[in-house]
Amino acid sequence: MNIVMLEPLAVSEDVMNDLTAELKHQGHTFQFCGEKLSDEEKRARIRDAEVAIIANSPLNADLLREGRSLKMLDVAFTGVDHVDLACCKDMGLTVCNAAGYATEATAELALGLILASLRQLVLLDRRTRSSQSKGSIMGTELKGKTVGIIGTGAIGLRVAELLQPFGCKLVASSHSQRPEALKLGIEYASLANVFSNADIITLHCPLNESTRGLVNAELIGLMKQNAVLINCARGPIVDNKALAEALKAKKILHAGLDVFDSEPPLPADETLLKVEPERVTLTPHVAYFTREAMEARAAIVVQNIVSWLGNYPQNLVML
């Protein structure tokens, strides 16, 4: 099999060579990618590829159909909404993802954004650097707060575990109730109930047709005035214009966002950039981006290929 990378995976060539050594020993070829490729370079690579590895860059039908020998698409990411899955199905491709590689990293950033929001860490840093005092900025403690978790998959459950030592009350809304969540003391409720009663709401659901625009003006309007919204899931789950309006009007306390309607760098006219920093903390989609997560992701991606070649595929994406 001719295996090609279409974008970097944030690990060194030495790491990828070590991971793919057995595949190459078996006669398969592997083409490493260490820097971002142009569309034409991607086209050149995919034309002779039988297995293509991507991360989170969009992969449309036009580029996919250049892969006339393509049999498998290995997505080094949890979500696959950036891939034209209808085209993959039409081409008869096997598609695998890297579910689970960034569970810890994403959960930890969600917790970090919660704490940064409640204690106004970014704003206080700016004031300190500009030789100002704390002024009237007063923080809020996490202890004892009600945290609403939207989506109790692996990441949502890990967030719940991290919150337990703070003595938080945990409530959740999800498409199904999981026994593991109940063991953690999570109480399930309706989405409206969670948004109405939680002090902090953190999003950990996938982006699909049922969740796109889920957190709209109506739901945001149910939130407490001192509530915090955290999004480390997918940007389009939230109506970000409605969120910005609520923040500007001080209808909610703060938001901590790692994802947006488009991938950073954000356009200059992005509504959220016009919200004052005491109301919103922004990070440029880095929840998954830790050294440990990148190494785990690379290992999962290679194992996906090994498993597929051995006729026991793992991490299959249903098309």
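In what order do the seven strands of the open sheet stand? I read the order as S8-S7-S6-S9-S10-S11-S12, with parallel pairing. I count strands as DSSP runs of E with at least two residues and helices as runs of H or I with at least four, numbered from the N terminus. Two strands pair if DSSP finds at least two bridges between them.

**Ground rules.** My model is predicted, so I keep in mind that local features need pLDDT of at least 70 and side-chain atom pairs count only at pLDDT 80 or more, while totals for chains, interfaces and linings use all residues. Residues are numbered from 1 along each chain as its sequence is written, and side-chain values use heavy atoms, with hydrogens and water left out.

Contact here means heavy atoms within 4.5 Å. Helix H12 (residues 240-248) lies across strand S10 (228-231), strand S11 (254-257) and S12, at about 145 degrees to S11.

**Cores.** Which residues have the most contacts inside the largest nonpolar core? They are Met16, Leu73 and Tyr101, in a core of 49 residues. Such a core is a set of buried Ala, Val, Leu, Ile, Met, Phe, Trp, Tyr and Cys residues joined through side-chain atoms within 4.5 Å. Buried means under 20% relative accessible area, exposed over 50%, and partly exposed in between (1.4 Å probe, protein chains only). H13 gives the largest share of this core, eight residues. Beyond its neighbours within four places in sequence, Met16 is in contact with Met5, Leu9, Val11, Phe30, Phe32, Ala298 and Val302. I also noted a second, separate core of 32 residues, which includes Leu219, Met223, Leu247 and Phe260.

**Helix H6.** Buried residues in H6 include Leu111, Leu113, Ile114 and Leu118. Gln120 follows H6 with a positive phi, near 55 degrees.

**Salt bridges.** I counted 12, each a side-chain nitrogen of Lys or Arg within 4 Å of a carboxyl oxygen of Asp or Glu.

- Arg43 and Glu40 have their closest N and O atoms 3.6 Å apart. Arg43 is buried, at 16% relative accessible area.
- Lys71 and Glu50 come to 3.5 Å between the closest N and O atoms. Lys71 is in the loop between H4 and S4 and Glu50 in the loop between H3 and S3, so this pair ties together parts 21 residues apart in sequence.
- Glu161 and Arg158 come to 2.9 Å, and both lie in H8, about one turn of the helix apart. Glu161 is partly exposed at 36%, and Arg158 is partly exposed at 24%.

Last, I noted that shared partners join Glu40, Arg43, Arg47, Asp62 and Glu66 into one salt-bridge network.

Definitions and conventions:
Axes fitted to C-alpha atoms, helices over the stretch in contact; angles between N-to-C directions.
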